[in-house]
Amino acid sequence: LKADVKPGSFEVKGVLDHQICKNVCIAAKTAVAFPITVLEGQAPPKRKLPAEIKILSAKPSTAGVKAGEAFTVALEIEIPAGWHIYPTTPTTTGTPTAFEFEAAEAAGKVVEPKPKVHPKEEFLDAYEYHEGTLTMSVPLRLKPGAKPGPFEVRGVVDYQICKDVCIPVKTSFAFPVTVLEGQAAAPTRPAESFLVMLGFAFLG
């Protein structure tokens, strides 16, 4: 529960975001709600996880960026010794690493080092993984609405960290940029580019 929830009767509301499949797969969202009683006082500090990655640095490719303009942030990640995480692409086991941002959206594929491969075992298929220290470059685009001036981009790495067991973890990070005046031109979509090419061919 968040700290601003007041003591007394309270209804927790949420959404189950899922895909349901038979002959076809359909994306669906189902509302969930249940009542609880909020007690007085604060909960004890959150129990420390047995392992979690450390964000050593978060460096944007440019200090100044317009809303809607694409840029990248290079994240230097340290994985605890003996543990591993999975790449951003699907592998045979484990949950792919993903990135979430409050005021930005994905602008392309994450660039990451070539993952290592764990060989196939008797009851386990081969799988790809990362360990040690590595850098992932995440392409981003600031969403409209960011006001010109100093701005902090906040993000979360959503991943599974594994050793003898696998633990789902979310690690927060942030980095500063300066939002510039104006709006970046909207990126040209592939379909539009194809139509422009046909237009030039026709004129030719």
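1. The link of Cys21 and Cys25 is right-handed, with 115° about the S-S bond. This is a predicted model, and in it the disulfide that joins Cys21 to Cys25 has an S to S distance of 2.1 Å. Cys21 is partly exposed, at a relative accessible area of 44%, and Cys25 is partly exposed too, at 47%.

2. Now to Cys162 and Cys166, which also form a disulfide, with their sulfur atoms 2.1 Å apart. The torsion about the S-S bond of this pair is about 115°, so the disulfide is right-handed.

3. A search of the whole structure finds two disulfides. If you number the bonded cysteines of the protein chain in sequence order, the pairing reads 1-2, 3-4. As a reminder, a disulfide is a covalent bond between the sulfur atoms of two cysteines.

4. Next, the sheet. Four strands make up an open sheet, ordered β4-β12-β11-β6, and their pairing is mixed. The edges are taken by β4 (64-67) and β6 (98-101); each has a single partner strand, so one side of each is left without a neighbour in the sheet. On average, neighbouring strands of this sheet are turned by 45° against each other, direction ignored.

5. Strands β6 and β11 (residues 149-162) run antiparallel and are joined by four bridges.

Note on methods:
Residues are numbered from 1 along each chain as its sequence is written. This is a predicted model: local features need pLDDT of at least 70, side-chain atom pairs count only at pLDDT 80 or more; totals for chains, interfaces and linings use all residues. Side-chain values use heavy atoms; hydrogens and water are left out. Two strands pair if DSSP finds at least two bridges between them. Helices (H or I, at least four residues) and strands (E, at least two) are DSSP runs, numbered from the N terminus. Axes are lines fitted to C-alpha atoms, for helices over the stretch in contact, and angles run from 0 to 180 degrees between N-to-C directions. A disulfide is a pair of cysteine sulfur atoms within 2.5 Å. Buried means under 20% relative accessible area, exposed over 50%, partly exposed in between (1.4 Å probe, protein chains only).
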